[in-house]
Amino acid sequence: MADTLRPDLAVIAAQVPQGARVLDVGCGDGALMAALRDGKGVDARGIEIDPELVERCVARGLSVVQGDADRDLTFYPDGAFDVAILSQTLQTAARPDHMMRELLRVGRRAFVSFPNFAYWRMRWALVSKGRMPVTRHLPVSWYETENIHHVTVKDFELLSRDLGVRIENRWFFTDEREIGGSGANWRAEYALFEVSGG
Amino acid sequence: MSNPHQAFVLPEPLPLDSGQALSGVEIAYETYGELAADRSNAILVCHALTGDQYVASTHPVTGKPGWWERMVGPDKPIDTDRYHVICANVIGSCMGSTGPASIAPDGQPYGMRFPVITVRDMVRGLVALLDGLGIARLHAVVGGSMGGMQALSLAANWPDRAARVLAIATTARHSAQNIAFHEVGRQAIMADPNWQGGDYYGGNAAPDAGLSVARMAAHITYLSEEGLTEKFGRRLQARKDGTPGAKTFGFDADFQVESYLRYQGSGFVQRFDANSYLYITRAMDYFDIAEEHGGKLADAFAGTTARFCLVSFDSDWLYPTAESRHVVHALNAAGAPVSFVELSAPFGHDSFLLDVPALDRVVKGFLDG
């Protein structure tokens, strides 16, 4: 199961401890939740905004609530989860800083992945064409994208520092493969961070 | 008088929230599909305000198909090749379970001497039936509208009796608007001179006009404005002799929507008892699970062992999505595993009974998962 996951999700699946309580915020069709449940006996819960994706999760026997992460995280008690996951969703939040705080309120640790807007192809597209880049990972024009808060690896590290959040681990990916960390803000198409309340 | 419906007689008096107790209570029920040897595959389907136990079999009075045949049956989302489905008439109703039309110990119909009951009392009766049938833990309890209230009440008050709770188009409490609509219906019944303080069973006239108006008013709340407009618009009703519809400058049912509502009202009185309507609407109005549990809804579900699934419909203004979300948030706070989805359907509150393929998929996925 886990080998069909997107690379960042596969890393998360490998990192989550056996039997953990997990909240997947923006869980999509539930692929990661199902892998965690089946492979690691994880008690997984999800939040997803798209009703058709929620329906698919329910059909897989997963517990997923249709809702808006900006609004609905507040209804979960403090420390309800061992791990909170926010994959490729931070950049869609109304207030990414608030969402980070909420993640680490409901979860003791969090995995956060996001497309890196400082990836060199993005920079090049902006410099050479003078237009907002449209790429495989950010495939939609600026006026219709859900990604309203573009973020870079460096931005995320600074936000973590400002919030007093400790970065436990980081992984970088390009062309659907994990790459090393050097020059990541140039070289990484997207990034995954493991953070804790510090 | 023997009960024409299959019924279970409770061996003990049924205690009620009012402090009274009812003895000799009968619960009429139907079952579909085989019960597994280990009794683990039972699903209790709870019916709505005017529903009954004939969920997937022909109604003995109207001759119409069961009220949820699209959902319950072989190869249906609630698959009777796989599950043993139990559906029982709630107490207070009139299809074979003890209600105001039943004969009291003094040999006369209860009428308004029937005690006021609550949704929890209905569920207490259902749990007593499950005890009688030897079913300790349900695979699932399922219901829409008042059926969903019963499903939630069972989860809150008998937390070990169901492994899954599926509550559709429902709420954890009746709102002021819900109570207001019910009060209109009750006043229509009680304003009918044939009602006679509820003591009409011996005579030859029942408060049909009042009950019919109650049903008409309620029926509007089950539909959406969009649905009504699409179905009827301002179209005029053709006459019985085939002449096209016209404004009569009188008070006949000129508009198709008027004709439809009158038809709904007159059909309803053939199969439903006016006093039952009073008692069941009262029970729904009293419904507030949080109030039963110290004022905090999350506390009601603190001891639950079930997985939950709630479904709302975007066109349902009777029990709108916000009510389901309120329950979901309480379940989140209680740490209970819960799924929730708002489905898009044009039919208003009645969407749970109608052709909404996404609902079929959610129901099947949740029950089989």
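Visitor: Why does B:His349 count as buried?

Guide: B:His349 has 24 C-beta neighbours inside 10 Å, and therefore counts as buried; the term applies when 20 or more other C-beta atoms, placed from the backbone, lie within 10 Å of a residue's own, while 12 or fewer make it exposed and anything in between partly exposed. This is a predicted model, in which local features need pLDDT of at least 70 and side-chain atom pairs count only at pLDDT 80 or more, whereas totals for chains, interfaces and linings use all residues. Residues are numbered from 1 along each chain as its sequence is written, and chains are lettered from A and ligands numbered from 1 in the order in which they are written.

Visitor: Where is the place of B:His349 in chain B, and which residues is B:His349 in contact with?

Guide: B:His349 sits in the loop between β12 (338–343) and α11 (357–368) of chain B, helices (H or I, at least four residues) and strands (E, at least two) being DSSP runs numbered from the N terminus. Contact requires C-beta atoms, placed from the backbone, within 7 Å; beyond four places in sequence, B:His349 is in contact with B:Ser145, B:Ala169, B:Thr221, B:Tyr222, B:Asp316, B:Leu318 and B:Tyr319.

Visitor: Which residues does UniProt list for "active site"?

Guide: The unreviewed UniProt entry lists B:Ser145, B:Asp316 and B:His349 under that name, with positions given in the numbering used here, feature names shortened, and annotations that may be inferred rather than shown by experiment. They span 205 residues in sequence, yet no two of their C-alpha atoms are more than 10.7 Å apart, so they gather at one spot.

Visitor: Where is B:Ser145 found, and what does B:Ser145 touch?

Guide: B:Ser145 lies in the loop between β9 (140–144) and α2 (146–157) of chain B, and because 27 C-beta neighbours fall inside 10 Å, B:Ser145 counts as buried. Leaving out residues up to four places away in sequence, B:Ser145 touches B:Ala48, B:Leu49, B:Ala169, B:Thr170, B:Tyr319, B:His349 and B:Phe352.

Visitor: How many residues of α4(B) are buried?

Guide: Helix α4 (residues 208–222) of chain B is mostly covered, with 11 of its 15 residues buried, including B:Thr221 and B:Tyr222, both of which are in contact with B:His349. The buried residues of α4(B) pack against α3 (176–191), α6 (256–269) and α7 (274–286) of chain B.

Visitor: How many residues does the contact take from chain A and from chain B?

Guide: Chain A gives 16 residues and chain B gives 20 residues. On the side of chain A that touches chain B, α3 (51–59) and β3 (63–66) of chain A each supply at least two residues, and the largest share, 5 residues, comes from α3(A).

Terms used: Contact = placed C-beta atoms within 7 Å. Expected span 1.5 Å × (residues − 1).
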